[in-house]
Amino acid sequence: MQTVTHRQLFFQHVAQTSDFPLALEIDRAEGVYIYSTVGPSGQSTRYMDLISGIGVSNVGHRHPSVISAIQQQLDKYLHLMVYGEYVQTPQTQLAQALASTLPASLDNVYFTNSGTEAVEGAMKLAKRYTGRTEIISCINAYHGATQGALSLSGDENFKRNYRPLLPGIRHIRHGVTADIDQITATTAAVVMEVITAEAGIRVPDPAYLQAVRQRCTDMGALLIFDEIQTGFGRTGTFWAFEAFGANGGPVIPDILLCAKGMGGGMPVGAFISSAEIMSVFKNNPILGHITTFGGHPVSCAASLATLQVIQNEKLYAQAEAKGQLFRQLLVHPAIKAIRGKGLMLAVEFESFAVLKPIIDRAIANGVITDWFLFCDNSMRIAPPLIITEEQIREACAVILAAI
């Protein structure tokens, strides 16, 4: 009897999102490495994960503190009730810990299962609080794949076959001060990445974000910062917005979005605001936003452990120096530029045709990178924050050899 392989099952029964998935068969993961299943040679291939599962494994794969927190919670309880009805210690502890990292106005946390769900909840919250319907986002922004979040996306290629999407969505250019005037008294909210991710890691002038903040305040619009990729230490501060203020203070959003690196590998997200703004979900209608699994106790326990590791080990404080080491080592005539902040970098090449074979050769030699949705001539480098100098040197040697 012929045995069906896991690879065959993958292609037969797991829904595909492209005609060319990486299709690496993974057996286990630890730290900055993931390991393939044992091949015909009897060997397992070790891969250095330079993209952290797309911004997720900030503390590395299977960090001991995260695993311990998960195991402890498993011995207590799993799902109990839809979100917001029972007092659950993992949720309350995590909410308090998140609030302790933020300005006083961001003290109320609504937990979700993912970043996309955080976006959806924030859109509803802004409409309900302001009584307005127009939402502004940025060209080449990515905020998720559900229909509301996709409506915010700033790339028509990903949207055209799913229209009609939400009405009342407008787009401005990220980092372009002249576009700020499009924020008016009819705008409910501006949804914006602090540092653009899928556009190829574009870091704005602090004065731009300050101007956006002031314009939103003047027009009565809410400012929503999407820190789904930038949060939890990736850019050199715990939250990216901390580094863009004036006179010693950060540019503070009205609503903050987080996910990805928040869970240490477990699915969890959140949108965070003030108690005043969040209170509109309580009535007219009651249960104004609902989720069954949002704030799952195991995910919240893992997230709290992740937050504590990043804070206790000051991983965010090491990100800038580690990012600079990548910049110092990745020098080659084929590299046109390196953009980014901390351990969130884009290495630019002439074209996708040049970049794709480099990525393929790097993977074949044990280093996983990829490109960006809206910037396919740039290589993504966003490794776990725990990566060492020795590992950075090893990774860069593989990339340079691939070039």
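Helices, of at least four residues, and strands, of at least two, are DSSP runs numbered from the N terminus. The model described here is a predicted one.

**A nonpolar patch**

In the loop between helix H3 (64-74) and helix H4 (89-100) lies Leu-80. Together with Met-81 and Tyr-86, Leu-80 makes a nonpolar surface patch of about 270 Å². Leu-80 counts as partly exposed because its relative accessibility is 40%, a value between the limits of 20% for buried and 50% for exposed.

**The open sheet**

Seven strands form an open sheet in the order E4-E10-E9-E8-E7-E5-E6, and their pairing is mixed. Strand E4 (108-112) and strand E6 (169-172) stand at the edges; each has a single partner strand, so one side of each is left without a neighbour in the sheet. On average, neighbouring strands of this sheet are turned by 20 degrees against each other, direction ignored. Strands of a sheet pair through backbone hydrogen bonds, either parallel or antiparallel. Strand E8 (residues 222-226) and strand E9 (residues 255-258) pair in the parallel sense, over three bridges. Ile-224 stands opposite Ile-255 in E9.

**Helix H9**

Helix H9 (residues 297-312) consists of 16 residues and reaches 22 Å from its first C-alpha to its last, close to the 22 Å expected at 1.5 Å a residue. The helix is mostly covered, with 13 of its 16 residues buried. Just after H9, Lys-314 takes a positive phi of about 50 degrees.

**Salt bridges**

The count of salt bridges comes to 13. The table gives examples.

| Glu-30 | Arg-62 | 2.9 Å |

In the salt bridge of Glu-30 and Arg-62, Glu-30 lies in strand E1 (residues 26-30) and Arg-62 in the loop between helix H2 (52-55) and H3, so the pair ties together parts that are 32 residues apart in sequence. Glu-30 is partly exposed at 38% relative accessibility, and Arg-62 is partly exposed at 43%.

Asp-179 has a relative accessibility of 8% and therefore counts as buried, whereas Arg-173, at 43%, is partly exposed.

Asp-360 and Lys-356 are four residues apart in helix H11 (residues 352-364), so about one helical turn separates them. Asp-360 is partly exposed at 36% relative accessibility, and Lys-356 is partly exposed with a relative accessible area of 23%.

Finally, a network of salt bridges links Glu-198, Asp-370 and Arg-380.

Notes: Residues numbered from 1 in each chain as written. Predicted model: local features only at pLDDT ≥ 70, side-chain atom pairs only at ≥ 80, totals over all residues. Heavy atoms only, no water. Patch = residues over 30% accessible without salt bridge, like charges linked within 9 Å, V, L, I, M, F, W, Y side chains within 5 Å. Areas by Shrake-Rupley, 256 points an atom, 1.4 Å probe, with all protein chains shown as cover. Salt bridge = Lys/Arg side-chain N within 4 Å of Asp/Glu carboxyl O. Buried < 20%, exposed > 50% of the residue type's maximum accessible area, 1.4 Å probe, protein only. Expected span 1.5 Å × (residues − 1). Pairing = 2+ DSSP bridges. Axes fitted to C-alpha atoms, helices over the stretch in contact; angles between N-to-C directions.
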